[in-house]
Amino acid sequence: IGSISTSGAAGIGYTFHGINTAGGGQFTVADNTIGSTSTANSIAIGTLGTTTTGVCTLNGIYNLATGGITISGNTIQNVSSYGTALSVLNGILNAGVSGLVSVTNNSVVTATTTGTGILTGVSNTAAATTVAITANKIRNLTKAVATILSIRLLLYLKRLAEILLQH
């Protein structure tokens with residue numbers, strides 16, 4: 001999934017989900033590329049070069065399913081969310097209430113946001129009974145504004161890198 005961009009009036013916000021799962025049952029999302037491993041800004045939500053004043057939301061993989069979910073072997077790379085205010089970029093977001101959440105061996109690489117909202121590589125916000133988030137590669141995430149959230153993200157990523165280097 002790639003070569004997607006939005007353009008239009010600067011005041012319009014956009015929402016993009018590369019893969020969106022919903023409903024019940026067991027889901028598996030595996031071996032997909034969202035964006036491009038070689039083309040910069042392969043998916044660009046908002047207007048490149050001119051920050052969109054509306055809120056832009058980009059989720060590479062977004063799970064809302066209420067059953068179990070396995071997300072593995074996916075690459076989210078060269079994606080951008082150009083919006084202000086609470087614009088969001090999540091590489092992988094599980095927000096469904098699941099019995100089992102397994103997010104393993106994914107890569108979130110070169111993701112950029114200009115908003116003051118959230119920027120995450122992998123995030124679970126669901127009250128799942130079992131959560132396994134392991135062996136994911138997250139690197140080169142850029143938040144173009146200095147906010148408390150971006151500073152916390154940088155500190156978290158620095159600590160995560162220290163832990164990985166110890167093992």
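Mentor: The model is predicted, so local features need pLDDT of at least 70 and side-chain atom pairs count only at pLDDT 80 or more, while totals for chains, interfaces and linings use all residues. Residues are numbered from 1 along each chain as its sequence is written, and side-chain values use heavy atoms, with hydrogens and water left out.

Trainee: Why is serine 72 called buried?

Mentor: Buried means under 20% relative accessible area, exposed means over 50%, and partly exposed lies in between (1.4 Å probe, protein chains only). Serine 72 has a relative accessible area of 19%, and is therefore buried. This serine is found in strand S7.

Trainee: Which residues does serine 72 contact, leaving aside its neighbours within four places in sequence?

Mentor: Contact means heavy atoms within 4.5 Å. With those neighbours set aside, serine 72 is in contact with Val29, Ala30, Asp31, Thr104, Asn105 and Asn106.

Trainee: What makes a set of residues a nonpolar core, and which residues have the most contacts inside the largest one here?

Mentor: Its members are buried Ala, Val, Leu, Ile, Met, Phe, Trp, Tyr and Cys residues joined through side-chain atoms within 4.5 Å. The largest such core has 23 residues, and those with the most contacts inside it are Ile43, Ile45, Leu58, Ile61, Ile71, Ile76 and Val79. Strands that each supply at least two residues of this core include S6 (57-63), S8 (75-82) and S9 (88-94). Leaving aside neighbours within four places in sequence, valine 79 has contacts that include Ile43, Leu58 and Leu89.

Trainee: How do you know that S9 is largely enclosed by the rest of the structure?

Mentor: Seven of the seven residues of S9 are buried, so the strand is largely enclosed.

Trainee: Which strands pair with S9, and in what sense?

Mentor: Two strands pair if DSSP finds at least two bridges between them. S6 and S9 have six bridges and pair in the parallel sense, with asparagine 63 opposite asparagine 94 in S9. S9 and strand S12 (residues 119-124) also run parallel, joined by five bridges; here leucine 93 stands opposite serine 123 in S12.

Note on methods: Helices (H or I, at least four residues) and strands (E, at least two) are DSSP runs, numbered from the N terminus.
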